[in-house]
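Reader: I am new to this structure. Could we go through it together, step by step?
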Amino acid sequence: MSYLRTFLPWIVFSVLPSGQWQWAAVAALLVAVALIAQQRQAGTGFDALIIELGSAGFFAILAAVAFADPDSGVHDYSAALSSATLALIAGVSLLIRKPFTLGIAKRSTPREVWSLKPFIRTNVVITAVWTAAFAVTAAVLAVIAHAGNAHSTPATLVQVAGFAVPMLFTVKYVAAVQAKA
């Protein structure tokens, strides 16, 4: 459930009609800001809100571009840019040794486990898989957009796979790590 909440702004953006992309960006921004506010009020640390904070920034910029020029070429590449942004956020979280999944995992893991090497290593692996999935998704969506099919069924399927594959990996990998421990 934590991952669905984390990626809710992106889901909102992807399911709203592409012809209304400026409003989809605003809706996604509002969802991101609401999630951040709700989670901060519940005591969640910023380390568990890396994706949400990046989401708010991305959708604020995208909404500004979309309203400034609704016919901008950015529209056709917005899905690819979304995935590329997620890859960047996730990749930077790895580079600064704060994998974004670590904060999410801490929500459902006892505090005494947080500093253990296997817990941290598991989250590095999971974040790396999410990063790779986002990067591959961005590349494929850019190719699809370049071919003139940015808002097509294949593009939607690629977006869904870009979230479903790493989510399934996360579930299976965590189960395997827990079984091994």
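Author: Let us begin with a term: contact means heavy atoms within 4.5 Å. Helices (H or I, at least four residues) and strands (E, at least two) are DSSP runs, numbered from the N terminus. This is a predicted model, in which local features need pLDDT of at least 70, side-chain atom pairs count only at pLDDT 80 or more, and totals for chains, interfaces and linings use all residues. Residues are numbered from 1 along each chain as its sequence is written, and side-chain values use heavy atoms, without hydrogens and water.

Reader: Which residues in H5 meet residues in H7?
Author: On the H5 side they are Ala-79, Ala-80, Ser-83, Ala-84, Leu-86, Ala-87, Ala-90, Gly-91, Ser-93 and Leu-94. Their partners in H7 include Val-124, Phe-134 and Leu-141.

Reader: At what angle do the axes of H5 and H7 cross?
Author: The axes of H5 (residues 78-95) and H7 (residues 117-146) cross at roughly 155° and come within 8 Å. Axes are lines fitted to C-alpha atoms, for helices over the stretch in contact, with angles from 0 to 180 degrees between N-to-C directions. H5 and H7 are therefore roughly antiparallel (angles over 145 degrees).

Reader: Changing topic, how many helices and strands are in the protein chain?
Author: The protein chain has eight helices and zero strands.

Reader: And what does its C-alpha trace span along the principal axes?
Author: The C-alpha trace of the protein chain spans about 50 × 35 × 25 Å.

Reader: What share of the residues is buried?
Author: Buried residues (under 20% relative accessible area, 1.4 Å probe, protein chains only) make up 42% of the 181 residues in the protein chain.

Note on methods. Angles under 35 degrees count as roughly parallel, over 145 as roughly antiparallel, 65 to 115 as roughly perpendicular and the rest as oblique. Buried means under 20% relative accessible area, exposed over 50%, partly exposed in between (1.4 Å probe, protein chains only).
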